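Dear colleague,

I am handing over the structure that we discussed, together with a written account of what was found in it. Please look through the sequence and the model before reading on.

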Amino acid sequence: MRGNGEQPPGRVERARALAAAAGLPGYEVLQYHHTYLQRRFDVPSELDPDGDVGAVGPDLASYLRAEPELTLVAYSPLLTGAYTRADKPLGPAYDLPSVPGRLAALREVAAQTGATVNQVVLAWLMGGDVPAIPLVGASSVAQLDESLAAVDLELTAEQRDRLDQSR
Ligand SMILES: NC(=O)c1ccc[n+]([C@@H]2O[C@H](COP(=O)([O-])OP(=O)(O)OC[C@H]3O[C@@H](n4cnc5c(N)ncnc54)[C@H](OP(=O)(O)O)[C@@H]3O)[C@@H](O)[C@H]2O)c1
């Protein structure tokens with residue numbers, strides 16, 4: 001389920017309540033944009049001209065925490081390569097005071113673990129208190145191998161704290 005103008009989690013809750021009332025299976029898997037960097041929701045995206053309703057924000061994160069039977073699939077977790085590539089600028093949605101500090105925290109944890117920045121992003125997503133299944137894209141076997149290896153990267157509590165506390 002994704003954007004139709006109504007803000008999540010309201011529309012998710014409503015759809016699940018309607019399904020339950022009708023005795024039908026409700027949504028169990030939600031696909032939203034989610035990654036380590038926080039983003040602005042007032043900046044329109046390609047799919048949402050009035051501001052991005054397809055990304056995980058505080059309301060949806062709280063709802064997912066309260067409803068652990070729901071599974072979050074996080075699309076565009078690598079920001080199409082923008083974490084590491086000069087040819088993929090972050091864009092205006094990432095013009096936030098938290099971004100430079102979070103990028104620095106990522107680089108620090110990557111250096112500590114010997115993993116790449118992209119792998120730290122994926123490990124952070126998979127191992128969080130609201131775990132997400134990253135829906136990565138890959139244009140080469142090397143990119144796919146790099147992303148798959150993130151499954152074996154376990155962040156320590158200190159490393160996760162360092163990443164979470166950078167705001
Ligand atoms: N539900 C929705 O509204 C929605 C919206 C968007 C996407 N999706 C789904 O999510 C999938 C993934 O989205 P996405 O492609 O935006 O995900 P992504 O994982 O953020 O970006 C994948 C792109 O990042 C680059 N990349 C991947 N690994 C890299 C690495 N190790 N180093 C440097 N660059 C790397 C590649 O770009 P290059 O090709 O330039 O090398 C690759 O095509 C899509 O295929 C789509 O099915 C769903």
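The notes below go through the helix packing, the nonpolar core and several individual residues.

Please bear in mind that this is a predicted model.

**Packing around helix 4**

Two packed helices are described by the angle between their axes and the distance between the axes. Helix 4 takes part in two such pairs, one with helix 6 and one with helix 3.

In the pair with helix 6, the axes of helix 4 (residues 117-126) and helix 6 (residues 157-165) come within 11 Å of each other and cross at roughly 95 degrees. An angle from 65 to 115 degrees counts as roughly perpendicular, and helix 4 and helix 6 are therefore roughly perpendicular to each other. Helix 4 contributes V120, A123 and W124 to the contact, while helix 6 contributes R160, L163 and D164. Sorted by class, the contact of helix 4 with helix 6 holds four nonpolar and two charged residues, with no polar ones.

In the pair with helix 3, the angle is about 100 degrees and the axes are 9 Å apart. Helix 3 and helix 4 are therefore also roughly perpendicular to each other. On the helix 3 side the contact is made by R102, L106, R107, V109, A110 and T113, and on the helix 4 side by V117, V120, V121 and W124. The residues of this contact of helix 3 with helix 4 comprise seven nonpolar, one polar and two charged.

**The largest nonpolar core**

The largest nonpolar core has 39 residues, and the members that touch the most others are Y36, L37, Y83, L106, V120, L155 and L163. Two or more residues each come from strand 1, helix 2, strand 2, helix 3 (98-113) and helix 4. Helix 4 gives the most to this core, with seven residues.

What does L155, one of these members, touch beyond its neighbours within four places in sequence? L155 is in contact with V109, T113, V120, A123, W124, R160 and L163. Among these, V109 and T113 belong to the helix 3 side of the contact with helix 4, and R160 and L163 to the helix 6 side of the contact with helix 4.

**The two sides of helix 2**

Within helix 2 (residues 58-66), the residues L60, Y63 and L64 are buried. These residues lie on the same side of helix 2, because they cover an arc of only 100 degrees around the axis. The cover over the buried residues of helix 2 includes helix 1 (10-21), strand 1 (29-33) and strand 2 (71-75). On the face turned away from the buried side, helix 2 carries the exposed residues P58 and A66.

**Individual residues**

T71 has its place in strand 2. With a relative accessible area of 29%, T71 is partly exposed. T71 and Y27 are 44 residues apart along the chain, and their C-alpha atoms are separated by 9.3 Å. Setting aside neighbours within four places in sequence, T71 is in contact with E28, V29, L30 and I133.

N118 is found in helix 4. Is N118 buried or exposed? Its relative accessibility is 11%, so N118 counts as buried, the cut-off being under 20%. Not counting residues up to four places away in sequence, N118 touches L78, Y83, T84 and E146.

Most residues other than glycine have a negative phi. L79 has a positive phi of about 50 degrees although it is not a glycine, and T80 has a positive phi of about 55 degrees, again without being a glycine. L79 lies in the loop between strand 2 and helix 3, and T80 is placed in the loop between strand 2 and helix 3 as well. L79 counts as buried, at 9% relative accessibility, whereas T80 is exposed, with a relative accessible area of 54%.

A138 is located in the loop between strand 3 (132-135) and helix 5 (141-149). A138 is partly exposed, with a relative accessible area of 44%. From C-alpha to C-alpha, A138 and V109 are 23 Å apart in space, and they are 29 residues apart in sequence.

With kind regards

How values were computed
Residues numbered from 1 in each chain as written. Predicted model: local features only at pLDDT ≥ 70, side-chain atom pairs only at ≥ 80, totals over all residues. Heavy atoms only, no water. Axes fitted to C-alpha atoms, helices over the stretch in contact; angles between N-to-C directions. Helix = DSSP H or I, 4+ residues; strand = E, 2+ residues; numbered from the N terminus. Parallel < 35°, antiparallel > 145°, perpendicular 65-115°, else oblique. Contact = heavy atoms within 4.5 Å. Nonpolar A, V, L, I, M, F, W, Y, C, P; charged D, E, K, R; others polar. Buried < 20%, exposed > 50% of the residue type's maximum accessible area, 1.4 Å probe, protein only. Arc of directions from axis to C-beta. Core = buried A, V, L, I, M, F, W, Y, C linked by side-chain atoms within 4.5 Å.
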